[in-house]
Amino acid sequence: MSELAGQIDRYLEELTRAGNSVHTVEAYGTDLREFLQFLEPAPEPAQIDVLRLRQWLADCYRQELSVITIRRKLAAVRGLFRYMAREGVVKTNVAKLVRTPKAPKKLPEVPGEEQVNLLIDAVAAGKLERPHPARDRAIFELLYGCGLRVSELTGLDLADFDRSEGWLLVRGKGKKERQVPIPRKAFDAIENYLGERPVVRDEAAVFLNHRGGRLTRRGIHDIVKLYSTYLAGDPSLHPHSFRHAYATHLLADGADLRAIQELLGHARLSTTQKYTQVSLTDLMAVYDKAHPKAKG
């Protein structure tokens with residue numbers, strides 16, 4: 001094993017110890033192994049200079065990778081060099097000298113209130129024959145009713161559900177905890193599901209798969225796509241679509257942006273503000289369609 005390969009392994013171990021999600025560590029691991037493959041035969045870490053890094057970046061562009069993917073790969077490499085600089089393996093983080101590609105300004109696509117409610121009502125009505133309808137309904141109600149990330153949903157334990165007060169303890173990015181109020185429909189759905197959830201020894205997860213283990217992120221994605229495709233005719237919907245809808249619809253109904261920030265668990269208000277742009281875009285579309293002055 002080369003010195004650089006060993007540094008990559010130790011860096012990924014540190015990310016895990018620091019509480020980064022499994023998804024993040026896996027993504028960084030894939031990116032860094034591809035970076036290592038590009039450099040083969042792998043040089044000593046101290047021999048990698050800005051020119052070599054720019055050649056690697058140019059190769060990413062030649063592969064026609066998206067700007068978002070390239071930004072993530074560069075973030076992984078920068079993190080590795082920051083770690084090696086801190087450990088004294090390299091003198092400086094030369095990856096900081098590589099310019100970050102600008103991300104395209106793209107607003108998230110958000111399903112409308114009617115679309116979301118019609119879909120969830122169809123799920124609740126059992127219009128699609130499924131082995132665990134109560135579980136599936138509770139998944140949709142919590143995604144939309146509480147604005148959860150899919151990783152937060154799969155990470156829910158039975159002890160996180162406060163039935164007496166109607167609150168949910170959510171562990172977000174970086175293991176940060178927040179409390180989220182549970183709307184009545186979501187509360188009823190999860191109560192109904194928990195009433196029939198199998199009792200599995202030593203399994204604290206709220207949502208179980210058919211084997212009695214914790215439902216995975218992929219499992220949630222597949223469930224959402226199945227219902228969205230067959231009941232709404234929209235296979236583009238995914239779990240995060242309902243988080244976007246939660247925030248956008250709250251904002252449209254007059255909720256304070258900082259309150260939405262707290263509910264979503266965003267570290268920065270600027271992250272939440274993108275939902276303001278979505279609402280303004282929708283508002284201008286209504287204006288262009290309905291206002292007589294907009295028609296010239």
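Two strands count as paired when DSSP finds at least two bridges between them, and strands themselves are DSSP E runs of at least two residues, just as helices are H or I runs of at least four, all numbered from the N terminus. This is a predicted model, where local features need pLDDT of at least 70 and side-chain atom pairs count only at pLDDT 80 or more, while totals for chains, interfaces and linings use all residues. Residues are numbered from 1 along each chain as its sequence is written, and side-chain values use heavy atoms, with hydrogens and water left out.

On to the sheet. D162 sits opposite W167 of strand 2. Strand 1 and strand 2 (residues 167–171) run antiparallel, paired over two bridges. They belong to an open sheet of three strands, ordered 1-2-3 with antiparallel pairing. Strand 1 (161–162) and strand 3 (177–181) form the edges, each pairing on one side only.

Now the helices. Helix 3 (residues 50–62) packs on helix 4 (residues 67–86) at about 155°, axes 11 Å apart; axes are lines fitted to C-alpha atoms over the stretch in contact, and angles run from 0 to 180 degrees between N-to-C directions. Helix 3 and helix 4 are therefore roughly antiparallel (angles over 145 degrees). Helix 3 brings L53, W56, L57, C60 and Y61 to the contact, and helix 4 brings I70, K73, L74, V77 and F81 (heavy atoms within 4.5 Å).

How far to trust it? The chain averages a pLDDT of 87, on the predictor's per-residue confidence scale from 0 to 100. Helix 12 (residues 269–290) has the lowest mean among the elements, 58. Where pLDDT is low, the predicted coordinates should not be read in detail.

How values were computed. Parallel < 35°, antiparallel > 145°, perpendicular 65-115°, else oblique.
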